[in-house]
Amino acid sequence: MSDIYISQSAEIAARTLGEETVIMSTADSTVFMLNPVGTAIWTAADGTTPLSQIVEERVCAEFEVSPEEALDDAKAFVEKLAGHGILLISDSPVSGGGSL
Amino acid sequence: MAVSAQHPGTKADHGVVIEIGGLPIEVQTNDAGFERLLRNRYGNYVSPRTARYSLSVDLTEVGGIDADADTEVWLEGDEWRMQRGDFRARWSPAAGQGQVSQSANPYAIDSVLRIVHTLMLADEGGFLLHASSLVRNGKAFLFAGVSGAGKTTMARLAPADVALLTDEASYVRNLDGHYYAFGTPFAGELAQPGRNISAPVAALYLLHKAPENRIEKVDAATAVASLLRNILFFAHQPQLVRRVFEAGCAFVDAIPVSQLSFFPDQRVWDLIG
């Protein structure tokens, strides 16, 4: 399966506090709180790093989880955030990603 | 969108200055009965001061909006527009003036006032919060939560030395970097307006009913997320949302936020103050 690339939407306000991140959608004021794993993926969402590489370097290296399980969970996670418009998913690298 | 207003150039016959949070707004009307209604409803919040802000009310049947429609607020040019089944209104922040077209009921002007206050508060790092707030020993304590969490219960259980600011919508201002809670006439289940006083905010408690009383500090992210989920948002305009987000973060930097697990009897107040 081809890789995917993720970048932060500009339509948000966000702050990382400790190992967690609070994100608010400026479109509908919905609030999300990311746990440490979610925060690791979020902060690496620069639009140019493949999700599989983010999972390998930021998740598997830091948290005790198998690469396959981590990638499946990460895909579900980013799709959920993308569904709320706070994360953008692309099948090719996006220049100027990470627009916080 | 057409919004009817007092005829330009004619001054309303009746004006009632309603001062909430130290921000006086003169509500102008040509209807003596509506003026009496305002004076009755806002009681201790009717102020003798000269108002910097004004809302001109035109009493009329509001057509073209679903009677059950939720409140909508949006920015059009430099003006905020707002509407619900029973009112249409506009508010110019630059002029500090607005017009309201509404039927002769107190709920419409009450909603407009809440919205206008949230817009004014956002400019200075304050907000309206789904929370009861009460004053003890000169300090304000805020109790936030969704419906049923216990906001009104905390107010009902308060001992005699505690003053009620509100059991529904807490009014928080950031004045020179210090947070103050103000009384409001916006009542919840208690159906009782708060005292028209203010006090520095000492703590925010996130309410959780439990078999025993306990206070537990929450981490900063939980505090910010919980606070933001309880801030009254009427307009989803990006700049406004960002300002309120930053206001929530700044508040949590300055004020301790804890979870208050409580059994609903008076002993919970042994932990407060």
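Two residues are in contact if their C-beta atoms, placed from the backbone, lie within 7 Å. The legends below describe a predicted model, in which local features need pLDDT of at least 70, side-chain atom pairs count only at pLDDT 80 or more, and totals for chains, interfaces and linings use all residues. Residues are numbered from 1 along each chain as its sequence is written, while chains are lettered from A and ligands numbered from 1 in the order in which they are written.

**View 1. The contact between chain B and chain A.**
The contact takes 15 residues from chain B and 15 residues from chain A. On the chain B side, the elements that give two or more residues are helix 4 (220–230) and helix 5 (238–254). Helices (H or I, at least four residues) and strands (E, at least two) are DSSP runs, numbered from the N terminus. Helix 4 of chain B provides the largest share of this side, seven residues. Sorted by class, the side of chain B that touches chain A has 10 nonpolar, two polar and three charged residues. In this sorting, Ala, Val, Leu, Ile, Met, Phe, Trp, Tyr, Cys and Pro count as nonpolar, Asp, Glu, Lys and Arg as charged, and the others, Gly among them, as polar.

**View 2. Chain B as a whole.**
Chain B has five helices and 15 strands. Its radius of gyration is 19 Å, close to the 19 Å that the globule rule gives for 273 residues, so chain B is as compact as a globular protein of that length. The radius of gyration is taken over C-alpha atoms, and the globule rule is 2.2 Å times the number of residues to the power 0.38. Along the principal axes, the C-alpha atoms of chain B fill a box of roughly 60 × 40 × 35 Å. Of the 273 residues in chain B, 45% are buried. A residue is buried if 20 or more other C-beta atoms lie within 10 Å of its own, exposed if 12 or fewer, and partly exposed in between, with C-beta atoms placed from the backbone. Among contacts in chain B between residues at least 6 apart in sequence, 65% join residues at least 24 apart.

**View 3. The two domains of chain B.**
Chain B is divided into domain 1 (14–122) and domain 2 (127–271); the bounds come from an automatic or database domain assignment. The domain centres, taken over C-alpha atoms, are separated by 25 Å. Domain 1 of chain B puts 17 residues into the contact and domain 2 of chain B puts in 19 residues. On the domain 1 side, strand 4 (72–76) and helix 2 (106–122) of chain B each supply at least two residues. Helix 2 of chain B gives the most to this side, with six residues. By class, the side of domain 1 that touches domain 2 has nine nonpolar, seven polar and one charged residues.

**View 4. Strand 3 of chain B and its partners.**
Five of the seven residues of strand 3 (residues 53–59) of chain B are buried, so this strand is largely enclosed by the rest of the structure. Four bridges join strand 2 (residues 23–29) of chain B to strand 3 of chain B, and the two run parallel; two strands pair if DSSP finds at least two bridges between them. Within strand 3 of chain B, Leu55(B) is the residue opposite Val27(B). Strand 7 (residues 97–102) of chain B is joined to strand 3 of chain B by six bridges, again in a parallel arrangement. Here Leu59(B) stands opposite Gln102(B) of strand 7.

**View 5. The three-stranded sheet of chain A.**
An open sheet of three strands in chain A has the order 5-1-6, with antiparallel pairing. Strand 5 and strand 6 (87–90) of chain A stand at the edges, each with a single partner strand, so one side of each is left without a neighbour in the sheet. Two bridges join strand 1 (residues 5–8) of chain A to strand 5 of chain A. Tyr5(A) stands opposite Pro50(A) in strand 5 of chain A.

**View 6. Pro50(A) and its surroundings.**
Pro50(A) is found in strand 5 (residues 46–50) of chain A. With 14 C-beta neighbours inside 10 Å, Pro50(A) counts as partly exposed. Not counting residues up to four places away in sequence, Pro50(A) touches Asp3(A) and Tyr5(A).
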